[in-house]
Amino acid sequence: MSDKYIDLISSGAGKNIAKRLGLPQPARLRRYLPGAPVIDGPVLVTGPASDAGDAVRTTLLDWRLDVRRHAAPGEKLGAIVVDFTSVAHPADLTETSITVGGALRDLKSGGRIVVLTRPSCAGDDAPVAAARQGVDGWLRSLAHEMRGGSTANGIAISGDVPASAPSVSGALRFLLSGRSAFVDGQFIHVTSNAGSLPEDWELPLAGRVAVVTGAARGIGAEVARVLARDGASLVVVDVPAAGEALSKVANTVGGTALQLDITSEDAGQRIIDHAVARHGGIDIVVHNAGITRDRLLANMAEDRFASVVAVNVAAPLTINEALLASDKFTNAPRIVGLASTSGIAGNRGQTNYATSKAGVIGMVRATAPRMESVGGTANAVAPGFIDTEMTARMPFATREVARRLNSLQQAGLPVDVAETIAFLSSPQAGGVRGDVIRVCGQNLVGA
């Protein structure tokens with residue numbers, strides 16, 4: 001559904017009225033279009049000298065981007081990449097911070113800031129740990145200050161993983177591009193040198209077979225479309241009652257439909273058998289299927305609580321066990337679970353839903369190490385307020401308030417969730433394991 005408020009304030013008169021009244025002024029977000037440049041405009045790479053900064057400059061030049069070490073006064077920038085990987089004391093952050101601050105006014109609408117950092121850990125000296133943790137607060141605060149649909153995100157590179165690692169490049173390209181339009185104030189954690197760069201960045205999933213549950217409509221249908229756009233062969237799954245809508249999605253993406261109750265004990269094996277028989281294998285599973293049965297806990301019936309847990313997290317757990325036991329799911333496989341900001345921060349009237357979505361986060365963290373031996377990963381995406389058929393049924397005032405409570409002052413779209421899932425499903429995300437990426441525009445809830 002369209003955001004009529006953005007339509008209103010995009011006009012000259014509406015924009016002036018919103019400005020005079022101090023109302024939110026959300027901008028139209030820059031979203032990915034096949035064939036479009038990664039970023040429109042020069043990219044400033046700044047920060048204390050380090051091998052990581054040199055590696056990133058080489059990567060950006062390989063993508064034929066216009067890379068600058070110093071910003072020319074008044075020249076509009078497409079992005080700023082900030083290298084904080086070598087900081088050893090909080091004082092090391094000052095000079096670069098002032099440089100970035102001075103360049104912010106020259107950042108184009110829809111621009112990007114991407115910070116490279118090393119996460120603090122227990123073995124760090126206190127000044128090093130303080131500096132690295134300081135980057136966390138620096139980035140999250142800066143994201144709140146961005147304007148014009150621009151975003152600020154980070155890549156936290158663990159231990160001795162080089163900045164030339166495939167997943168650093170993959171995360172950098174994702175965060176610079178329009179694929180990350182509704183990801184803001186986030187860190188993607190690269191924990192290993194695993195993964196590989198695609199032969200074709202426009203078709204990173206070519207030759208891969210993906211399964212998407214709950215694909216008959218909404219976010220699931222959009223996930224199927226984006227994965228197919230990126231080259232994957234699709235198996236779309238939903239309950240028999242949604243069979244007609246599911247067939248339409250399958251026809252749209254050129255895939256096959258599997259009508260299935262995912263809570264059945266043999267659901268995992270049936271998915272594997274179908275994917276192998278119809279497509280020759282199975283490489284990616286997206287656990288998108290989910291339900292809500294909202295009610296205050298004091299009024300919650302046992303069946304309402306149990307059914308949400310059964311569909312949202314118990315079924316994915318059972319399916320994963322079948323996948324992990326199968327010799328058909330061993331070619332650098334990917335599992336992506338749908339969590340929620342409700343599972344991170346909680347939400348009134350959603351104890352059952354928040355329990356299940358927090359459970360998804362626990363599931364991927366525990367599953368990821370079990371997949372390392374075959375080059376696999378398990379991660380989760382946690383959407384915030386997304387415009388869907390479900391949120392369209394909310395009372396107008398409640399929906400409008402929910403839409404504006406994030407740094408981008410608007411709701412996300414199903415495609416924003418789908419783009420992040422596509423990134424985590426890709427070969428270039430092989431070094432991202434057990435992570436949770438929020439697609440919420442830096443929502444105040446769960447931020």
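Visitor: Where is T341 found?

Guide: T341 is found in helix α11. Helices here are DSSP runs of H or I with at least four residues, strands are runs of E with at least two, and both are numbered from the N terminus. The model is predicted, so local features need pLDDT of at least 70, side-chain atom pairs count only at pLDDT 80 or more, and totals for chains, interfaces and linings use all residues. Residues are numbered from 1 along each chain as its sequence is written, and side-chain values use heavy atoms, with hydrogens and water left out.

Visitor: Is T341 buried or exposed?

Guide: T341 is buried, because its relative accessible area is 8%. Buried means under 20% relative accessible area, exposed means over 50%, and partly exposed is in between, using a 1.4 Å probe and protein chains only.

Visitor: What separates the C-alpha atoms of T341 and V381?

Guide: A distance of 9.3 Å, with the two residues 40 apart along the chain.

Visitor: Pockets next. How much space lies in the largest pocket?

Guide: About 1600 Å³. A pocket is found on a 1 Å grid over the protein atoms alone, as an open set of points with protein on both sides within 12 Å along at least five of seven lines; a cavity is a set where a 1.4 Å probe fits but cannot get out, and lining residues have an atom within 4 Å of a point. Grid points are joined across faces, edges and corners, and the volume is the space filled by probe spheres set on the points.

Visitor: Which residues lie nearest the centre of the largest pocket?

Guide: T292, Y353, T388, M390 and T391, out of 48 lining residues. At least two lining residues come from each of α7 (218–229), β8 (233–238), α11 (341–345), α12 (351–371), α13 (389–392) and α14 (396–404).

Visitor: And by class, what does the lining of the largest pocket have?

Guide: There are 21 nonpolar, 18 polar and 9 charged residues in that lining. Ala, Val, Leu, Ile, Met, Phe, Trp, Tyr, Cys and Pro count as nonpolar, Asp, Glu, Lys and Arg as charged, and the others, Gly among them, as polar.

Visitor: OK, how much space lies in the second largest pocket?

Guide: About 320 Å³. Its lining has 23 residues, and Y32, R173, S177, G178 and R179 are the closest to the centre. Two or more of the lining residues come from each of α6 (166–176) and α15, and α6 gives the most, with 3.

Visitor: Which domains does the lining of the second largest pocket draw on?

Guide: Domain 1 (34–190) and domain 2 (209–439) each give at least three residues to that lining. The domain bounds come from an automatic or database domain assignment.

Visitor: How many residues of domain 1 are in contact with domain 2?

Guide: 23 residues of domain 1 are in contact with 24 of domain 2, where contact means heavy atoms within 4.5 Å. The domain centres, taken over C-alpha atoms, are separated by 29 Å.

Visitor: Back to α6. How many residues of α6 are buried?

Guide: 11 of the 11 are buried, so α6 is largely enclosed by the rest of the structure. R173 is one of those buried residues, and together they pack against α3, β3 (77–83), β4 (107–117), β5 (151–157), β6 (187–190) and α15.

Visitor: Switching to S426, where does it lie?

Guide: S426 lies in the loop between α15 (414–424) and β13 (436–439). At 1% relative accessibility, S426 counts as buried.

Visitor: What does the side chain of S426 make a polar contact with?

Guide: The side chain of Q428, at 3.2 Å. A polar contact is a pair of N or O atoms within 3.5 Å; within protein, one must be able to donate a hydrogen and the other to accept it, and residues adjacent in sequence count only if both atoms are side-chain atoms. A polar atom of the S426 side chain also lies 2.6 Å from the backbone oxygen of F423. Leaving out residues up to four places away in sequence, S426 touches L205 and R334.

Visitor: Last one: what phi does R64 have?

Guide: R64 has a positive phi of about 60 degrees, although it is not a glycine. R64 is in the loop between α3 (51–62) and β2 (67–68), and at 80% relative accessibility it counts as exposed. Q442 has a positive phi of about 60 degrees and is not a glycine either, but Q442 is buried, with a relative accessible area of 3%.
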